[in-house]
Amino acid sequence: MEPDNGIPQVELYVKASFLDNGHRSSCPFCQRWFMVLFLKSEVKELALTVIPVNMSNPQKEFKEFHSQPPVVVHNGIALTDNEKIEMYIDQTFLQLDLRSDKGAEDVCSDLYMKFNQYLQAAGINNDPKKKALLGELKRINDYYGKQGGRYMSGDELTHIDCEVLPKLQHVRVAGKAYKDFEIPSDLTHLWRYLASGYKTRAFQESCPSDQDIILHYQKKVQGQSLVKNPTLQKPTYSWDLPSDVDITANGNYHEHEYDHDHSPRGSASGSQGSSSSDRARNDVSYVSFYSTFNGSVHE
């Protein structure tokens, strides 16, 4: 399916936000493909429609996929496997090359597994699981510090950034909420990487609130969240850096590199996403969960 302007139409089904059934999915795999397709939409390779799915009452159209989100649909082809989604995107939309360095992919490969093992372990300070997670964070920190670019594979976002930035955000927010865990302040390369990721429109537009991330793990973690009643709180977004983190101390840091056209909109803790004028630069539509799907409902 192609709209009147000839740009291919792609639909992305994501798990709906716990807070408002919106498109900012707490699923890191959904955010990954949101970021990838958003980047493709920025260069007009495709027109993206993001469709949130309330898993307790999914749309009829979604049930036909017999899958969990994320699901990518293009030209009547429904893709449900992450590897197949990546291969299809890379082979179909060729203008923007998002391929990553193999070394960057390898160094980030175990992060989310180690994080989940730590979250699911009994007790706040399960030393073996915590040490394993810290080891993965240090590996990423050291690799990023040596490669010298703004992102994991250079100065432009690639597949690995769209995969690992959401996972690092979950480590930061859910780790603090359930285990009182904090990414060490001396991992300055890693914090510099997060700082550059936070300033991209692809991340800002797709990132779930802190409360949604906390709720994502509510049934998966032993013990209660240290954050009480997240559903009753005003949504916040942890895109700032802790006061004890100094990324300027790193020799590779230059402030102007992090203040280009991806600057944040509003305060880091209270940003609500892009404005309508921002969205006009992208072919991205957001569908309300309550719409009939005869047409996109723009927020």
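**Reading a pocket lining and a helix pair**

Trainee: Which helix gives the most to the lining of the largest pocket?

Mentor: Helix 7 does, with four residues. This is a predicted model, in which local features need pLDDT of at least 70, side-chain atom pairs count only at pLDDT 80 or more, and totals for chains, interfaces and linings use all residues. Residues are numbered from 1 along each chain as its sequence is written, and side-chain values use heavy atoms, without hydrogens and water. A pocket is an open set of 1 Å grid points where a 1.4 Å probe fits, with protein on both sides within 12 Å along at least five of seven lines; lining residues have an atom within 4 Å of a point. Helices are DSSP runs (H or I, at least four residues).

Trainee: What else belongs to the lining of the largest pocket?

Mentor: The lining has 24 residues, with Arg172, Lys176, Glu182, Ser238 and Pro242 nearest the centre of the pocket. Helix 7 (159-179) and helix 10 (210-216) each supply at least two lining residues.

Trainee: How is a pair of packed helices described?

Mentor: The angle and the distance between the axes describe the pair. Here, the axes of helix 1 (residues 28-42) and helix 3 (residues 82-92) come within 12 Å and cross at roughly 5°. The two helices are therefore roughly parallel (angles under 35 degrees). The contact (heavy atoms within 4.5 Å) involves Phe29, Arg32, Trp33, Val36, Leu37 and Lys40 of helix 1, together with Asn82, Ile85, Glu86 and Ile89 of helix 3.

Conventions. Axes are lines fitted to C-alpha atoms, for helices over the stretch in contact, and angles run from 0 to 180 degrees between N-to-C directions. Angles under 35 degrees count as roughly parallel, over 145 as roughly antiparallel, 65 to 115 as roughly perpendicular and the rest as oblique.
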